[in-house]
Each structure stands twice: as structure tokens, then as C-alpha cells.
Amino acid sequence: MDTRLTNAPYDVEKIRQDFPILTRLVHEKPGRPGKPLVYLDNAASAQKPRAVIDAMANFMAHDYSNVHRGVHYLSQVATTLYEATRVKTATFLNAPSPDTIVFTRSATEAFNLVASSWGGTHLKAGDEIILSVMEHHANIVPWQLLRGRTGIVIKVAPVLDDGTLDLDALADLLKSPKVKLVSITHGSNVLGTVTPAAEIARMAHAAGAKVLFDGSQAAVHMPVDVQAIDADFYIMTGHKLYGPTGFGVLYGKADILESMPPYQGGGDMIQTVTFEETTFREVPHRFEAGTPPIVEGIGFGAAIDYVTALGMGAIHAHEQRLLAYATEKLRAIDGLRLIGTSPTKAAILSFTIEGVHPHDIGTLVDRAGVAVRVGRHCAEPLMDRFGVGATARASFALYNTEAEADALVDAVRAVREFFN
Amino acid sequence: MFDDLRDLYQEVILDHGKHPRNFGKPEAFNRMARGENPLCGDKINIYLMIGPDGRVIEAHFDGRGCAISQASASLMTETLKGKTEAEAEALFGHFHDMCTKDDHEHTDHGPLDPEAVERLDVLAGVREFPMRVKCATLAWHTMHAALSGDEKTTTE
């Protein structure tokens, strides 16, 4: 049992001991000592604390069964544990009820669910939806598929040069009476930009549009209150919140979820099935066809417990200190261009180095033990917006340290020298 | 810090990466293809001028990419000149094997120009970097597409 108090001082060295992988070395070979892992690819996926690993293993060893089905003992144990995660998730997002929480197999599936079920029902040819130029492909492609089926129109809100969402341009786009949805990131996976969600929701609602936030990044870096920001939909993913892969979350306002038909058909989402007619279960189960990711759900619940015990506010404060520290150090490097310098951002630092391709940066710093992401980050339109083919991206998590930021900076400096 | 990366980033590669040869779209060409590595966003165009005798007279490229992909394209255009299509394809087969397989696993792709083989050997280091193999082979896949008449190709 984790007995840390949420107002205890943030002891990052102690926290690191909760993550077994952080003690391993990389690039070990006979005759060559390995390098300590400096894991700065957290925006792609975060590492797992012992609490999550143990919860999943213990569940499989002691409590495993299918859920929502059997009358036998273990089925009820497993169902109770799995549904407890729904309550934890609702609390984590301050959703009004666990019934507003739909579990999916990924954030990507949650986008496809909304596009297909809500979009397929409530949008018609000529209706407009607004995305932003900094969206992940997961918040672009499902809408394009829907466009192919229904003839909706996709408008794109731009960002300013520092990566801040251009609210004036968004306001202009919202002047069209045809806008039915604003689907926008709450935190950019490339720029780090945190968008003013409450303000965006207010603007969208004033224009008669619904609003969906992609919280895949934001929800792991700061406290999120879906009621305070008045989100109609909010999507997040488990594996970036120190939980397992294969688990996503869709929050939706109760009346909106009620208005949506099932996304996939199958077991678990039905009331009665005959070959003539099938009736569906209530929300949220209507959207959860088939055996769900049960073990992953248990792991996700443990992840929520873990970050809640540390305190999302404390995590945010720690990461903001790292962001300020790393930003200042990287800025001092000649020829380094930071892409995304919004005043409100999460601890994600995308950059390019003059004369060195990001792929070469990635391979080199990796040899120093520093894991960063290089490439287009599933955000190709954003790369075009900033005129780069790719970037290197260092993204920080609750367990990273200033010493690791130093390791990144030293490695990047060495890259500059290597190619000079 | 990066001493053990010298096998991958040899001086020749750094030189070709920084100062690529045969770079830019030529005024005349009769085969071309566009290659893309969706993983990293690298894009490359290969332009070939094939003579009446079926030999490569000129080979050029443009596009953007990492040091490995630029150097590989640069070296490729140099080694292709004077080759028949069959010889160019044989070199592609050899190069692909060199980047992906141990020496004893190479298959016979036809007669090879030993001088070209030696020049291309500087890129053999990518074999130890599976994530970077496509950087080295993109230009060759694209050249192959140009010879085959496919104007677009990817490394996927």
C-alpha cells in the first residue's frame, strides 16, 4: 500500500525506485559497459511502476476471469475489480458519473468511436468540424474517413509561430453556422502546447458546436477536470499514464452518449439478441463490444492510484521545473531550434539542429543512453506548418531529473561537434 | 562520446552527407521515381538518363534525409554511371544484402563491379542498426522503381 501523502515533498529519487526499468543499462556488450537509461520518450509511451506491473500479475494469478458474464465467484470478483477502474477514472477526470466513462482499446479507438457513432449520426454533408494543425493523426484520419462517407467539411485552426493555438482564427472559423464540432488537442504531442480548454469549449458552445479534447498528452501532465472545462468529449490513453498498452478512455456527457448508437456489435453490449432484432445495453456498456481489455483495465486502475497518490498537481509542478531547466539549457546551444515555445506547455521539447537530420540526432544520443523520439510524431501537417521534415523530441515524465536533462544537453552538444 | 559510432558514420559518409554528389534535378532525364520513407518522412527523387545502349549515362537525386540516406544516394549515383540496367539491379541486390544479411547469406544477383562493391562497403555498418537500414536503402529502392517504371515507391 502506498502511504505517501499528496502534500509530501516530491522526492524524485525515491519515486524512481518505483520503476524497475529505470535501473537498467542500455547498449551493453561484452567488453563494453552499458549506459544508464535516460528515458525521454515519455510522450510516445511512459514506463510502468511496480504497482502497475504487480497489479496486473496479481490479478492474473489470483482474480482472473471474464467480466460481466458469469455468476461464478471469480467472474464477480473480476467484474468488481474491473468496474472499480471506471470509478477511479471518473474521479481522475472529475466526471459526474462512472457511466460517462467508456473504455476503449486505445485513444485512437475512442476517436474512431466518436467519429463513427456520434459523427455518423449527428453530422451530414456540408456540416463543418474544426480541428487544429497540431492534431495527432488519430484526430485527423477518423474524420477524413467520416468525410468520405458523409461529405462533412474539415476546417483547420492554425497555430501562432510559438505553437500557441490561434484563438482569433478559431473564432473566425466558428462564425460559420455549419460548425457542429471542435475536436482539438488539450496538449500537443509535438509542441507541448497546452490549449485553453475551458475557453475553447466556451467559444464552441456559444457557436452551437460540441467540443472534443484529445487529452492523450495533457491528462498525464496536469490535473484535468472535464466538468470545469465543460468538455462534451474527452479522450485519454492508458499507456502514457504509466499504465499498460491496449487501454483507452472516452468521457462523454451523459445525454450525448445516450444519443449515440453502438460503435461495434458483439457480445457484452447487448440486452437481447434474436435474428430479427437486437436490443442494446445501457451506456457505457453499449459501446464496449466483446471481451474488454480486462487485465489492462486493472493495470490502468493501478496507474491512476499511483499518480493520484503522488498528486497530479505535484507531478505537474515537478515537470514544469524540468521544462524550464531543460529549455534554458537547450536554448544555449548554437544552431538548435526549439519548435513549440508557447507560454503554456507541458514538458515536451521538440527541436532541430542546423545541418543535422533528426534521425542522426536520435541514433547518436541513443548511444549516450538517451532515448528520444525522432521523426514526424504522427503529426505530419504540423511538420509542414513549421517547415521541417522531422524533429527530435525529448519528453519528460514524473520520474525524470535535472541530471537527465543535463545528459540530454551534453549528448546534443556532442552531436553538434560530431557533425562539424 | 560516440567513438563506437564511427563504423556507421565513417568519414566518407559524413563527407557525402554534407556534400552530396550529383545532387539536384537535372535538365534531362528519361527515368525518374520518387521514394519516401514514411517512418521518418525522408523523401528522395532519383533521375536517370539511360542511353541507347541501355547504360546509365547520368544519375542524379534530390530530396531531404539524414546523413545516411543522403550519403547512400550520393554514392549510388556515382557507382551507377556506365552500368547496364542488369548491372544496376545486381548492385541493388548486393547492397540490400550487405545492409541486411551476414556475408555468408548473400545471394547471387549477377555480375558485380568489384570497384563499386568496394565503394559501397562504407555503408555496411548500418547492418548493426536495424532502424537505420531503410535510410541506406531508400535511394536504391527508388532507383529500382525508376528502372521498373514505377514513379512512386516507399520503403514500407
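Predicted model: local features only at pLDDT ≥ 70, side-chain atom pairs only at ≥ 80, totals over all residues.
Q: Where in chain A is A:Ser188?
A: A:Ser188 is placed in the loop of chain A that runs between β7 (179-185) and α7 (197-206).

Q: And what is A:Ser188 in contact with, beyond its neighbours within four places in sequence?
A: With those neighbours left aside, A:Ser188 is in contact with A:Met134, A:Gly163, A:Thr193, A:Gln217 and A:Gly340.

Q: How far is A:Ser188 from A:Glu135, in sequence and in space?
A: The two residues are 53 residues apart in sequence, while A:Ser188 and A:Glu135 are 7.1 Å apart in space when taken from C-alpha to C-alpha.

Q: Switching to domains, how is chain A divided?
A: Chain A is split into domain 1, made of 12-47 + 311-418, and domain 2, which covers 53-308; the centres of these two domains of chain A, taken over C-alpha atoms, are separated by 28 Å.

Q: How many residues does each domain of chain A give to the contact?
A: Domain 1 of chain A contributes 28 residues and domain 2 of chain A likewise contributes 28 residues.

Q: Which elements supply the domain 1 side?
A: On the side of domain 1 of chain A that touches domain 2 of chain A, at least two residues each come from α11 (312-331), β14 (348-353), α13 (380-385) and β17 (391-395) of chain A, and the largest share, 5 residues, belongs to α11(A). By class, that side of domain 1 of chain A holds 13 nonpolar, 11 polar and 4 charged residues.

Q: OK, helices now: at what angle do α3 and α10 of chain A pack?
A: Helix α3 (residues 73-93) and helix α10 (residues 294-310) of chain A pack at an angle of about 40°, and their axes are 9 Å apart. The pair α3(A) and α10(A) is therefore oblique, and the crossing of α3(A) and α10(A) is left-handed.

Q: Which residues of α3(A) and α10(A) meet?
A: From α3(A), the residues include A:Ala78, A:Leu81, A:Tyr82 and A:Phe92, and they face a set in α10(A) that includes A:Ile294, A:Ile298, A:Phe300 and A:Ile304. Sorted by class, the residues of the contact of α3(A) with α10(A) are 9 nonpolar, 5 polar and 2 charged.

Q: What about chain B, how do α3(B) and α5(B) pack?
A: Helix α3 (residues 85-100) and helix α5 (residues 133-148) of chain B pack at an angle of about 160°, with axes 10 Å apart. The two helices α3(B) and α5(B) are therefore roughly antiparallel, as angles over 145 degrees are counted that way, and α3(B) passes α5(B) in a left-handed crossing.

Q: And which residues meet there, between α3(B) and α5(B)?
A: Among them are B:Phe92, B:Phe95 and B:His96 in α3(B), with B:Trp140, B:Met143 and B:His144 among those in α5(B). The contact of α3(B) with α5(B) comprises 9 nonpolar, 4 polar and 2 charged residues.

Q: Last one, how many residues do chain A and chain B put into their contact?
A: The contact takes 15 residues from chain A and 15 residues from chain B. On the side of chain A that touches chain B, α12 (358-367) and α14 (402-418) of chain A give two or more residues, with the largest share, 5 residues, coming from α12(A). That side of chain A divides into 7 nonpolar, 5 polar and 3 charged residues.

Notes. Residues numbered from 1 in each chain as written. Chains lettered and ligands numbered in written order. Axes fitted to C-alpha atoms, helices over the stretch in contact; angles between N-to-C directions. Helix = DSSP H or I, 4+ residues; strand = E, 2+ residues; numbered from the N terminus. Parallel < 35°, antiparallel > 145°, perpendicular 65-115°, else oblique. Left-handed = near helix turned anticlockwise from the far one by under 90°. Contact = placed C-beta atoms within 7 Å. Nonpolar A, V, L, I, M, F, W, Y, C, P; charged D, E, K, R; others polar. Domains from an automatic or database assignment.
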